[in-house]
Amino acid sequence: MLLRSIVLVCTVVVANAFQTVVHPKWGGVSRISAAAGRPSGAITRLHAETPGAELETYLKEQYPSFMAVLSPNEKAMKELMESERGFTIFCPNQEAFQSMGEKKREQLEDVRNVETTDNIGSYHVICEPVTATDLFASGGVITLGGTVPVERSVSGGFFGVGGKEDGGVTIGGAKVVKSIEFGSNGILHETDGLVSPELLWRYMDQLRIPGSK
């Protein structure tokens with residue numbers, strides 16, 4: 001009971017430290033952090049009357065490359081849409097896919113790598129809501145794919161030495177750019193990279209015939 005109270009108090013304090021800005025398209029609002037030592041970045045609240053259908057539409061419009069990875073994963077999509085507790089999705093933005101390079105993008109699209117690609121997608125889904133405040137206070141999260149470490153993000157310094165916490169978080173090494181409250185119990189966290197373990201890339205192309213394209 002005490003822990004629940006602490007979380008509630010923290011949530012109220014953080015919420016009061018945000019400015020409200022009208023969201024241009026989806027009819028919600030954005031709250032921009034104005035407090036030091038608390039989660040930073042934009043938090044957008046979107047209203048959804050039919051969460052399942054609207055979620056897919058929103059993801060395809062805003063994160064098309066990520067949806068190309070996630071949507072073929074029938075198990076992850078089924079659990080996501082049927083979760084009664086809500087959901088959290090870590091959504092790598094378009095820049096994340098551009099920066100990973102052409103080879104990795106081709107590997108994700110290759111049907112011979114479908115099992116590994118599905119595993120990568122599963123690491124981006126949790127079948128319950130995890131807010132920006134929850135992430136900021138955690139050391140890791142358990143996704144459909146497995147456990148992913150969460151750390152405070154650091155800016156400045158020289159080769160990682162002497163930097164200071166900037167109020168943000170990283171998950172699996174990818175920084176959370178902004179967070180979106182979708183409907184009554186859904187959370188989307190936009191990231192600047194994939195959150196899945198780098199180790200998974202070693203399993204790409206194992207079904208490819210040597211010398212083939």
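Before the first pair, a cut-off: a salt bridge here is a side-chain nitrogen of Lys or Arg within 4 Å of a carboxyl oxygen of Asp or Glu. Keep in mind that this is a predicted model. Across the whole structure, a search finds five salt bridges. I will go through some of them.

Start with Lys78 and Glu82, whose side chains meet in a salt bridge at 3.1 Å, N to O. Lys78 and Glu82 are four residues apart in helix H4, so about one helical turn separates them. Glu82 is exposed, because its relative accessible area is 53% and the cut-off for exposed is over 50%.

Next comes Arg85, which forms a salt bridge with Glu128; their closest N and O atoms are 3.9 Å apart. Arg85 sits in the loop between H4 and strand E4, while Glu128 sits in the loop between strand E5 and helix H8, so this pair ties together parts that are 43 residues apart in sequence. Arg85 counts as exposed at 56% relative accessibility, and Glu128 is partly exposed at 36%.

Then there is Glu190 with Lys178, a salt bridge whose closest N and O atoms are 3.8 Å apart. Glu190 belongs to strand E10 and Lys178 to strand E9, so the parts tied together here are twelve residues apart in sequence. Is Glu190 buried or exposed? Glu190 counts as buried, at 11% relative accessibility, whereas Lys178 is partly exposed at 27%.

E9 covers residues 174–182 and E10 covers residues 186–191; they run antiparallel and six bridges join them.

Most residues other than glycine have a negative phi. Asp205 is not a glycine, yet its phi is near 70°. Asp205 lies in the segment after E10 and counts as partly exposed, at 22% relative accessibility.

Back to helix H4 for a moment. H4 spans residues 74–82 and also holds Lys75, which counts as exposed at 61% relative accessibility. The C-alpha atoms of Lys75 and Asp118 are separated by 9.0 Å, and the two residues are 43 apart along the chain.

Now the cysteines. How many disulfides does a search of the whole structure find? The search finds zero. Cys91 is buried, with a relative accessible area of 0%, and Cys127 counts as buried too, at 11%.

Last, the chain as a whole. The chain has eight helices and ten strands. Of its 213 residues, 42% are buried. The chain exposes about 12100 Å², with carbon and sulfur atoms supplying 55% of that area. Taking contacts between residues at least 6 apart in sequence, 57% join residues at least 24 apart.

As for confidence, the average pLDDT of the chain is 77, and 68% of the residues score at least 70. Over residues 1–38 the pLDDT is below 50, and this stretch has 60 contacts in the model beyond near neighbours in sequence. That is all I have.

Note on methods
Residues are numbered from 1 along each chain as its sequence is written. This is a predicted model: local features need pLDDT of at least 70, side-chain atom pairs count only at pLDDT 80 or more; totals for chains, interfaces and linings use all residues. Side-chain values use heavy atoms; hydrogens and water are left out. Two strands pair if DSSP finds at least two bridges between them. Helices (H or I, at least four residues) and strands (E, at least two) are DSSP runs, numbered from the N terminus. A disulfide is a pair of cysteine sulfur atoms within 2.5 Å. Buried means under 20% relative accessible area, exposed over 50%, partly exposed in between (1.4 Å probe, protein chains only). pLDDT is the predictor's confidence in each residue, from 0 to 100. Contact means heavy atoms within 4.5 Å. Accessible areas come from the Shrake-Rupley method with a 1.4 Å probe; for residues, only the protein chains shown count as cover.
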